[in-house]
Amino acid sequence: MLPESFLNELKYRCDVEQIIGSYVQLRRRGRNLTGLCPFHSEKTPSFTVYPENQSFYCFGCGAGGDIVTFIRRIENLDYMEAIRFLADRVGMQVPENDLDDGAHRLRMRILEINRESARFFHKALMSEAGREARAYLIGRGLGKPIIVRFGIGYAPPGWQNLTDHLTRLGYTPDELVAAGVANRGRSGGCYDVFRNRVIFPIIDLRGGVIGFGGRRLNDADNPKYVNTGENPVYKKGRNLYALNFAKNTKRQELLLAEGYMDVVAIHQGGFDNAIAGLGTALTSDQARLISGYTQSVVLCYDSDEAGQKATRKAVRLFDEVGVRTRILTITGAKDPDEFIKKFGSDRFQLLIQGSSSAAEFEIAKLRSQHDLETAEGRVAFLQGFVRLMAATPSPIEREVYISKICRELQIDKQAVSVQLEAALKKRQRNDQQRQDRELGTFAAQSPSARTDFEKQRHPREVLAEEGLIAYLLRSPDKAGWLASQVEPRQLVSPVDRDIYAALLQRLLAGQDADMMVLSAQLDEERMRKLSEILSRQDSVAVGDDAARDYIRVLTAAEKAKTIEEAGKLQDEEWKRYIASLNAGKK
């Protein structure tokens, strides 16, 4: 266990508003703050942060807990890793202890392996062996400063160059495989994952090398890119290439490109706000991460079918987290890299300034698909246009585009508005059904479903025990009295029972019942439930009279249970039970 003095100091240094606010755009509402939940998709904020008790709770999906719980979920860390993450953020040193787990040690070893691998690759690029790779990069218009800035490297041909180098440094084959820089051969030995490839290190927001992307040089039979597989430090759907640089940009928007080379080329052109996904389409986690750094994104995807599909998905995901999108239409080149080389940075800046909104982009595409000179083409265009407007969240934006299109096509605006109203109602129903399904799936998979089951079986008892927990939190000085009235075993919900026992243990020992300290004793589900109870504190009666009522409910439930169990006893046992009751009356 960590010293409580350390946890208390960490609590005081960690500002819950600032830390959670770096992941979620928060707005103050009275004493608390609200925002869009980072753990499920929603358009109406149901995620609430409570600065007074350093907790959070989502009224949509039920996620909740303290700042440690939040970091564990958002960064996919275990308890000790989350503590280290927070301590590092506020400049504290975590006391070492003998109970440190192997998962953390492995994570640290993987980060060390990645750092040494990045050095190996970069040194190889700058050596004689890297001549062909350097020629490729120079041919793509990259200079030495940008190559050094991004730490670009080269994996030489051969099966064990990196493996042998890292083994000599003391890393084990199992650690190399866990880090994703080596694979196991059929004979049990290891061989390099990256061979004869230009290497792009992937760096997280803390400056750690978490993975690599390798582009082939000349072997067309192999995949164009090989990327690090997911492991304890690398989750491709939750990180972004070059965000470690772009987060410091002074520009108003971020440029989201498709791949490593596009990003490096855009930065080479003088735009330090370019980022990219990591070999997959944009995810909701990545969209939420981006929303913490900007409210405007320019999509710089390719114009082919795959790029158009990725653009539409990205627009939807950014819309869900409140980020405005514009779409770059590249003419005369296939991608930003080629455009900058052909036309220069000034023209690329004009291209960005002239980028269209998502609605304009889709309208232009609809126009290209239909012959507006024919009645049939105009009808098909307008049907698609109405569906597009129904998916546009801003009423003002809808009004502007409807007026514009109706003028251009000389169509009665009222007729289009009637169709739009019907489409909006249908979309709202579909969105609600989708959200209900998502929340239903979440609830079914969550351990909190067990608590809900107990609440359905014993609603009065569960409400009473939750009331007693709220009472303890509000009146910690009454812990001794309450412990004499209700024992933890009397609570029907296992989750509530553990919370109640932990609170009594600390309070009876004269210790604070602080969320950060409790998170060391309680698992994520119990912290979630505690946060839920805290979120309802203002609406639950927690005075002495209410506490006595709660005690009566639990006492009556225990007696009823005892009588029910007694009814199942054999005759002789029943007689002994009656006798014990009579003896108790005397």
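At what angle do the axes of helix H17 (residues 375-390) and helix H18 (residues 395-409) cross? They cross at roughly 170° and come within 11 Å of each other. Axes here are lines fitted to C-alpha atoms, for helices over the stretch in contact, with angles running from 0 to 180 degrees between N-to-C directions. That crossing makes H17 roughly antiparallel to H18 (the word applies to angles over 145 degrees).

A quick note on ground rules: this is a predicted model, where local features need pLDDT of at least 70, side-chain atom pairs count only at pLDDT 80 or more, and totals for chains, interfaces and linings use all residues. Residues are numbered from 1 along each chain as its sequence is written, and side-chain values use heavy atoms, leaving out hydrogens and water. Helices (H or I, at least four residues) and strands (E, at least two) are DSSP runs numbered from the N terminus.

H17 brings Arg-378, Phe-381, Leu-382, Phe-385 and Met-389 to the contact, while H18 brings Arg-398, Tyr-401, Ile-402, Ile-405 and Leu-409 (contact means heavy atoms within 4.5 Å). By class, that is eight nonpolar, no polar and two charged residues. Ala, Val, Leu, Ile, Met, Phe, Trp, Tyr, Cys and Pro count as nonpolar, Asp, Glu, Lys and Arg as charged, and the others, Gly among them, as polar.

Now for the rings. The structure holds 22 aromatic pairs. Take Phe-47 and Phe-70: their ring centres are 6.2 Å apart and their planes sit at 55°, so the pair is tilted. Rings of Phe, Tyr and Trp (its six-membered ring) pair if their centres lie within 6.5 Å; planes under 30 degrees apart are stacked, over 60 edge-to-face, and the rest tilted. Phe-47 belongs to strand E3 (residues 47-50) and Phe-70 to helix H3 (residues 67-75), so this pair ties together parts 23 residues apart in sequence. Elsewhere, ring pairs join Phe-150, Phe-200, Tyr-225, Tyr-241, Phe-245 and Tyr-260 into a cluster.

| Charged end | Ring | Distance to ring centre |
|---|---|---|
| Arg-73 | Phe-39 | 4.3 Å |
| Arg-195 | Trp-159 | 4.1 Å |

Most residues other than glycine have a negative phi. Gln-410, not a glycine, has a positive phi of about 55°, and is found in the loop between H18 and helix H19 (413-445).

Notes: Lys NZ or Arg CZ within 6 Å of the ring centre and 35° of its normal. Parallel < 35°, antiparallel > 145°, perpendicular 65-115°, else oblique.
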